[in-house]
Amino acid sequence: MATQKSSAGRLGSAALTLLAATATATVAVRQWRLEKARLHDRQLELDELAIRRKALAHQQRMQWELLVRALDDPSLAEVIDTYDKSIPAERRRQFFYANAWYVHLYHLHRAGSLDREELYRHLREFFQSPVFREYWEASRHMRATLNESSVEARLGHMVDGLVRDLDEADTDEWWVVGDPPTD
């Protein structure tokens, strides 16, 4: 009788061990599948980000090519010239160029190549140019049409604050004026 109990105990213990091993293996396989799915989702996110960045780079190239054509041919510039016509044509052409620089920096920011702090520092330098400041003021009406919640509108407000800080600064050390935003 003792042998039967011992054999039954060993069989029961072996069955429990087998059941525990099966449960452990099932959990491990499930975790492996979840991790595999998570990695797949992450790869899809990275692929989508790469496609978006490539599209932004293409858009910036196209914008630049169109602008170059307008700069080379004043009759084409008339198509995009929404500046006050009392501003001399040569100055309006400079505004197109200033806008190209602003858009370039904006796209670098959007692509993740510049954070907001770096963008701020670059713009702080650009605003040392009287032509760039004049461009910014002359394009105010264009920025007023932006959706207030858009990235471009929020950056425009940041730049407006930078210009105010530069105008109100009581130092010639422009590189320390204002508080760059931190991301």
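**Figure 1. Tyr 97 lies in helix α3, which spans residues 89-110.** Helices are DSSP runs of H or I with at least four residues, strands are runs of E with at least two, and both are numbered from the N terminus. The model is predicted: local features need pLDDT of at least 70, side-chain atom pairs count only at pLDDT 80 or more, and totals for chains, interfaces and linings use all residues. Residues are numbered from 1 along each chain as its sequence is written, and side-chain values use heavy atoms, with hydrogens and water left out. Tyr 97 is partly exposed, at a relative accessible area of 41%; buried means under 20%, exposed over 50%, and partly exposed in between (1.4 Å probe, protein chains only).

**Figure 2. Trp 64, Tyr 97 and Trp 101 form a nonpolar surface patch.** Together, these residues have about 310 Å² of accessible area, computed by the Shrake-Rupley method with a 1.4 Å probe, where for residues only the protein chains shown count as cover. Patches are made of residues with over 30% relative accessible area and no salt bridge; like charges are joined within 9 Å and nonpolar side chains (Val, Leu, Ile, Met, Phe, Trp, Tyr) within 5 Å. A salt bridge is a side-chain nitrogen of Lys or Arg within 4 Å of a carboxyl oxygen of Asp or Glu.

**Figure 3. The protein has seven helices and zero strands.** Buried residues account for 24% of its 183 residues. The accessible surface of the protein is about 12,900 Å², and carbon and sulfur atoms contribute 58% of this surface. The C-alpha atoms occupy a box of roughly 115 × 45 × 25 Å along the principal axes.
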